[in-house]
Amino acid sequence: MMFQARGLRYAKTRENQADGPRNWSSFMPNSRPKRSPRTRRGPEVRQRLERSRDRVRARRQQARQREQRITAAVKQYITAWEAITVCEATRDGEVEALRQQITRVQERAAEQIAAHRAQQALAAATIRDQGQTDDDVAELLEISTKQARQLITAARANTDTTAEAPLPSNSADEAVPLPEVGAGASLRPSPSSPAADSEGAEADGRQRTP
């Protein structure tokens, strides 16, 4: 009987050793805690939770809308900035072209005005060379005596400069063409006669007399 009991214990021990971890796992404690039974929430709790979720969703929607509006505003600003840059470049180019055009117009007008004034001076000198006094020239041209004298002086200076210009070496025998003037006009002032000088002196005396 004793040997039979020992044999049963030995067989049981061998069976446990053969089973190995499969039998020992039943004795190991479970690492995951057991899930507590789900409790039912009351209707007020569910309503408050639902309202909280709605507020969170509404805030997220508002944040997305604000971000979209900000992005659109930034895009609008940059687009306007680019348009302004193009307008300024176009304006500067057109203004520069107009300034160059104005400069050319002014230069052309100045040249034409200078030529016309030279003709006026030549006309005044021509009248003076015909034995007229400065007062007579001023009266005929309806200008002041000072202006008449300035025109005559300018014409004589221009004539002297033209006369003093050297002739070309290859055309010494050719006549130098003279500027065109009116019929009967003289390029060089004729020597003033004593009578003309006396008339001019009398005219100057009349001007100085109060």
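What pattern does the protein follow when read along the sequence? The pattern is α-α-α-α-α-α, and the count comes to 6 helices and 0 strands. Helices here are DSSP runs of H or I with at least four residues, strands are runs of E with at least two, and numbering starts at the N terminus. The model is a predicted one, so local features need pLDDT of at least 70 and side-chain atom pairs count only at pLDDT 80 or more, while totals for chains, interfaces and linings use all residues. Residues are numbered from 1 along each chain as its sequence is written, and side-chain values use heavy atoms, with hydrogens and water left out.

Buried stands for under 20% relative accessible area, exposed for over 50%, and partly exposed for anything in between (1.4 Å probe, protein chains only). The protein exposes about 18600 Å², with carbon and sulfur atoms supplying 55% of that area; areas come from the Shrake-Rupley method with a 1.4 Å probe, and for residues only the protein chains shown count as cover. As for contacts (heavy atoms within 4.5 Å), 55% of those between residues at least 6 apart in sequence join residues at least 24 apart.

Helix α3 takes in residues 43-129, which makes 87 residues. From its first C-alpha to its last, α3 reaches 125 Å, close to the 129 Å expected at 1.5 Å a residue; the expected span is 1.5 Å times one less than the number of residues. Its buried residues are Ala121, Leu122, Ala124, Ala125, Thr126, Arg128 and Asp129. Ile70 also sits in α3, but counts as exposed because its relative accessibility is 56%. Together with Val74, Tyr77, Ile78 and Trp81, Ile70 forms a nonpolar surface patch with about 590 Å² of accessible area. Patches take residues with over 30% relative accessible area and no salt bridge, joining like charges within 9 Å and nonpolar side chains (Val, Leu, Ile, Met, Phe, Trp, Tyr) within 5 Å.

The structure holds 7 salt bridges, each a side-chain nitrogen of Lys or Arg within 4 Å of a carboxyl oxygen of Asp or Glu. Glu50, Arg53, Asp54 and Arg57 are linked in a network of them. Asp54 and Arg57 are 3 residues apart in α3, so about one helical turn separates them. Arg53 is partly exposed at 44%, as is Glu50 at 38%.

Another bridge joins Asp129 and Arg156 (3.9 Å, N to O). This pair links distant parts of the chain, Asp129 in α3 and Arg156 in α5, 27 residues apart. Asp129 is buried at 14% relative accessibility, whereas Arg156 is partly exposed at 33%. Arg128, in α3, contacts Thr133, Asp134, Val137, Ile152 and Arg156, leaving aside neighbours within four places in sequence. The Arg128 side chain also reaches the backbone oxygen of Gln132 at 2.9 Å.

Two backbone angles are worth a look. Gly131, which follows α3, has a positive phi near 90 degrees. Glu142 has a positive phi too, near 60 degrees, in a residue other than glycine. Most residues other than glycine have a negative phi. Glu142 is found in the loop between α4 (134-141) and α5 (145-164), and is exposed at 73% relative accessibility.

Notes. A polar contact is a pair of N or O atoms within 3.5 Å; within protein, one must be able to donate a hydrogen and the other to accept it, and residues adjacent in sequence count only if both atoms are side-chain atoms.
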